[in-house]
Amino acid sequence: MSLSFSDDMLKEVQRIVESYPQGKQKSALIPVLHIAQQEFGGWLSTETMDYVATLLGLKPIEVYEVATFYSMFNLKPVGKYMFEICQTGPCMLNGSDEIVAYIYEKLGIKPGETTTDGMFTLKTVECLGACGYAPMMQQGKHYREHLTKEKIDTIVDECWGMLYKIIKNKIFPLGDRGYMGRKLLLEKLTLKASGSMSVPP
Amino acid sequence: MEFFGKTGRSARYLVVNADESEPGTFKDRYLMEFIPHLLIEGMITASYALGSKCSYIYIRGEYAWIVDILEQAIAEAKNNGWLGKNILGTGYDLEIYVQRGAGAYICGEETALLESLEGKRGNPRIKPPFPAVRGLWDCPTVVNNVETIAAVVPIINEGGEEYAKIGVGKSTGTKLISACGNIKKPGVYEIDMTISVEEFIYSDEYCGGMANGRKLKACIPGGSSVPILPANLLLKTAKGETRYMNYESLADGGFATGSMMGSGGFIVIDDSQCIVRHTYTLARFYRHESCGQCSPCREGTGWMEKILWNLETGKGKMGDIDLLWDIQRKIEGNTICPLGDAAAWPVAAAIRHFRDEFEWHVTNPDDAQRRNYGIGHYANPIPVPVTA
Ligand SMILES: Cc1cc2nc3c(=O)[nH]c(=O)nc-3n(C[C@H](O)[C@H](O)[C@H](O)COP(=O)(O)O)c2cc1C
Ligand code: SF4
Ligand code: FES
């Protein structure tokens, strides 16, 4: 098995399993799938699901049937940053359709698609329980509310900024190295058409 | 509680339903995000009354950051000795855990929630047995909403009688209303159920009136599953009496001319909006969220979505409206859990009250692509169609 959680994550799994009575560790499946998805590239490959099955002593099918039921689990690779736009009634009344259209205009992706550089995925989702702050989306762990075109611009820039920081720390753990360093960084950032960025999480 | 399993030896559980996914509803989020200790205190009290030594909060997966807030509140309670072993020296032990879902409206249905908490797909169970007899891991279990459990605190502190003095008739206590849609001040409001709907929408203390100077066209007063009402029937009942924000008054007139308090998700729709499109988004929601166990729900929700999409995009036929009516009637009451009804009611009510807008989409397909129907005559009483 090539995949495995870090020791910290294994401790976290242990903590979760202990919140149920003895022998009921199957209950830990959904929380552990959340961790697995976060740790292994934002989606659940068969390999990841098999690893979770072994970890919790379940049959692989028990994991597959759960992973396919819940909409937060991605069964295909996704971009580094995912925009999950709510499109249900109350958000629609406040212009969620225009936000989806604007993202298409700006990034060239329709719902379900990922930019060719593997940076952004657009997903439309159903009511996220933030109807009063519409239109809104989920981005990572948090909600972004009262969306406007300008706010989408800011969020996209923020994402690039976050990635820039991650790469900078990976390539230059000791700090920026001047012009050549920035050039290298730019090359990395424009890695197009590879389907997914070869950037470690 | 007589209903509760009398097994004596076996464990009992309290599970708080924080799945909150009914479109228009975001009140539990407010409670958990800003006053989590109220929920924890309510849970400790309720768990003690039930004799539960281990209680869970099942929260929708998307509220990831709220999990941290709740866990911190739990840790604080533990540090103060209000939770954990031998609480305040009474010999009573209690642990509270937070469990995250992963995106499924149906897991708000109590038996689907328990399945999900057991690490399975969220397929509702057939009742009976009810959770109070056989629930989590086959043990007696009580499932209650966040707001319900939070209300335990004032009820215990003030006494039931005192608490019941708030409100009117059977609508005692306070209710959280999450208001959204085309209003000036969307948000969560705690009301005492004596105010009128008109006051709630227009007064500055609450929604502050319609946004952008628009007119009120329609409203779904209790979350997406309850019947939509046109402005005229929303503000006054069919008998011409003022409609109030309480259980009885909102339900006055039954489904023909009334609606329901439901989850308190108050969705206000202005005259620039299209009822067909709004109904379509709800139909799509229920198709997406159907667990697929019962054919009427699985197939029916898909059909309703397709037909409404055709109507919305100008490809509908006159017969489609009756077909929609027929499909929703065949779903209602023929399914394992109430999601089927919840999917049928909004479609039924939209046709019942806004049939002319549906027909306009068929007779003026090109117009329907360019503009919306407008307010029509919804401010005046309209006759109930024959099919209703
Ligand atoms: C399809 C469906 C979805 C539901 N979603 C929720 C929900 O998100 N939150 C909730 O508290 N109750 C929800 N319920 C109601 C629960 O089944 C249950 O009645 C409720 O948790 C009981 O709590 P209460 O008596 O405190 O209101 C839903 C019911 C159905 C049929
Ligand atoms: S009514 Fe729908 S959601 Fe409920 S059990 Fe049947 S198929 Fe599943
Ligand atoms: S409809 Fe978008 S959050 Fe509820």
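Before sorting any residues, I noted the classes: Ala, Val, Leu, Ile, Met, Phe, Trp, Tyr, Cys and Pro count as nonpolar, Asp, Glu, Lys and Arg as charged, and the others, Gly among them, as polar. I also reminded myself that this is a predicted model.

**Entry: ligand 2.** I found 13 residues surrounding ligand 2, and the closest are Cys291(B), Cys294(B), Cys297(B), Thr335(B) and Cys337(B). I sorted the shell around ligand 2 into eight nonpolar, five polar and no charged residues. Where does ligand 2 sit? I found ligand 2 in the largest cavity.

**Entry: helix α3 of chain B.** I traced this helix over residues 64-79, 16 residues in total. From first C-alpha to last it reaches 23 Å, close to the 22 Å expected. I listed its buried residues: Ala64(B), Trp65(B), Ile66(B), Val67(B), Leu70(B), Ala73(B), Ile74(B) and Ala77(B). Their packing partners are β4 (142-144) of chain A, along with α1 (27-34), α2 (36-50), β2 (54-59) and β3 (95-100) of chain B. Just after α3(B), I noted a positive phi of about 80° at Gly81(B).

**Entry: Phe266(B).** I located Phe266(B) in strand β11 (residues 265-270) of chain B. Is Phe266(B) buried or exposed? Phe266(B) counts as buried because its relative accessibility is 0%, and buried means under 20%. Leaving aside neighbours within four places in sequence, I saw contacts from Phe266(B) to residues including Gly24(B), Ile177(B), Val197(B), Phe200(B), Ile220(B) and Met245(B). Ile220(B) is 46 residues from Phe266(B) in sequence, yet their C-alphas are 5.9 Å apart in space.

Note on methods: Residues are numbered from 1 along each chain as its sequence is written. Chains are lettered from A and ligands numbered from 1 in the order in which they are written. This is a predicted model: local features need pLDDT of at least 70, side-chain atom pairs count only at pLDDT 80 or more; totals for chains, interfaces and linings use all residues. Side-chain values use heavy atoms; hydrogens and water are left out. A residue is near a molecule or strand if one of its heavy atoms lies within 4 Å of it. On a 1 Å grid over the protein atoms alone, a cavity is a set of points where a 1.4 Å probe fits but cannot get out, and a pocket is an open set with protein on both sides within 12 Å along at least five of seven lines; lining residues have an atom within 4 Å of a point. A molecule sits in a cavity or pocket if more than half of its atoms lie within 2 Å of its grid points. Helices (H or I, at least four residues) and strands (E, at least two) are DSSP runs, numbered from the N terminus. The expected span of a helix is 1.5 Å times one less than its number of residues. Buried means under 20% relative accessible area, exposed over 50%, partly exposed in between (1.4 Å probe, protein chains only). Contact means heavy atoms within 4.5 Å.
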